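User: Could you walk me through this model? I would like the overall picture, then a few details.

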Amino acid sequence: MLRTAVAQLHHGLSLVFGRRLRVANIERVVADIVATRAEFGGIGDLDAFRGTSMSVQDRKPIDDRRLRRLARMAYAETPYYRDLFDRVGMRPDEVNLSTLERLPVTRKETLRDTPEALVNRGVRPWYRAETSGTTGPPSSVWFSRYEAELLTAMTAVSLLIDNRLGEGDVIQLNLVSRAFFGIHCFAGAAALIGVAPSSLGLVEPEISLSRLAGGTRLSGAEARPVLLVTYSSYLGLLVEAGERLGYTAADFGLRQITCGGEILTEGLRRRAERLFGATVVETYGMTEIAPSSGQICTGGHLHFHPEQGITEVLDLTGTRAAEPGELGVLTFTPVFPYRETTLLLRLFSGDVVRRLADDDLGCELAQLPATSRVLGKDGHLYGFAGRTVTPRDILELVEADPAARFPSRWSLRTGTDGLELHILGDDPQAADRIRKRGLEQEIPLSRVIMHGERATMPPTAPVRADLRELSFADATLKTDATLKKHPETAQ
């Protein structure tokens, strides 16, 4: 595979010398993998295409060079960072891994309120992407055509390596339709490897289940989706509806379900894997840092590839590095040649993790920097008697219960003798079970109150499944999907 070797060489040189990546080289790697699989029926260990990560010591001069390049570009071409550098009395040439802490973090409010002030004036913007806005007002991020083509090619590599997809496979995308940038890149990546994407949006769960079970006739063969890409809360809706309608794993052809954008609990994972007969994988990604993303290893750590940017874990105030074992906020600096339009230095994401000790993690991705999985947003932490409780603490507790309803609706209130947890649910005995498990985990719950209706609950946080998309045909399609599974309900 000489072409692949040459393409990987060009890729490495681009990173070292700060040139744009040649997207065509990555596409050649994809084409070679697809061609080899078609000829020989397999390709062995595809993980070899990831390459290996440099040591921290070997990577430092490259990271310093990339940071200086980014700082110079941001100072020369963005009004926001020119003002910031001048205000703190720092020159772009002074920026490196050792001095980066002198530069204040960029808050998401800045990206939300003045997105164009962060856009590189030397690049022609192609598309303005917006975040979902489930945890606050949406932010806007501009991308160039080059960035879109690069993310498309990288997604194709991921579909081949992480999902083992091949020609003729079908992907179902249950993503909010305004996430056009990501859907566009998925569709382009699918075309590169001969996969058929089906983008449904966040429609009624009965419709999605019918598509997953019914398949699509392609090239004379019935092809059911083998990969589902969605959000955790929408997966919860599918689990609720699937269990109610009597679906089993035999009804589906899924091999993997990929969830991102929200916390995925072990309770939801177990029920989804039982229903669909597929492996459920949690991922981490943000529109603001694309194409960078995080990968969860078998040990439950969240790993980031340093090639795509600088990742820090800062304390909750964003003023210093978090200590090992301390809660902190993921802070990102996406670097060229992966990012060139919306430039971000030290984006304070708001996503809370626990910093891990720098010891050997003992997992298959131990060579990559790692944190705990995301525990929630920094504005959604609760404290009592010196104990900080995170949204993941509560979600894992609630969704582990056999009577859990999905997506979870809960609200936490601080009382004089502990935390009061309100949950939407039908089983009155669940309150005692959840409180007992919570106390065993040292979560200071004074009361757990079950509610049969959301109207009686304190306000609950929105989830992405709330961004449901409706059409005039929904009522008919939902009825048809239900009758197809349960014809005995027809009158």
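Analyst: The overall picture comes before the details.
The model is predicted, so local features need pLDDT of at least 70 and side-chain atom pairs count only at pLDDT 80 or more, while totals for chains, interfaces and linings use all residues. Residues are numbered from 1 along each chain as its sequence is written, and side-chain values use heavy atoms, with hydrogens and water left out.

User: How many helices and strands are there in the protein?
Analyst: The protein has 13 helices and 22 strands. These are DSSP runs numbered from the N terminus: H or I of at least four residues for helices, E of at least two for strands.

User: What share of the residues counts as buried?
Analyst: Of the 491 residues, 52% are buried. Buried means under 20% relative accessible area, exposed over 50%, and partly exposed in between, with a 1.4 Å probe and protein chains only.

User: Next, the sheet. What is the strand order in the open sheet of eight strands?
Analyst: The order is β5-β4-β8-β9-β10-β11-β12-β16, with mixed pairing. Two strands pair if DSSP finds at least two bridges between them. Because β5 (196–199) and β16 (370–372) each have a single partner strand, they stand at the edges, and one side of each lacks a neighbour in the sheet. From one strand to the next, the twist averages 25°.

User: Which strands does helix α8 touch?
Analyst: Helix α8 (residues 205–214) packs on the sheet and touches β4 (170–174), β5 and β8 (227–230). The direction of α8 makes about 175° with that of β4. Contact means heavy atoms within 4.5 Å. Axes are lines fitted to C-alpha atoms, for helices over the stretch in contact, and angles run from 0 to 180 degrees between N-to-C directions.

User: In what sense do β11 and β12 pair?
Analyst: Strands β11 (residues 293–296) and β12 (residues 301–304) are antiparallel, over three bridges. G294 has F304 in β12 as its bridge partner.

User: Changing topic: is V157 buried or exposed?
Analyst: V157 is buried, at a relative accessible area of 19%. This residue lies in helix α6 (residues 145–161). Leaving aside neighbours within four places in sequence, V157 contacts I26 and V30.

User: How many disulfides does the structure hold?
Analyst: The structure holds zero disulfides, a disulfide being a pair of cysteine sulfur atoms within 2.5 Å.
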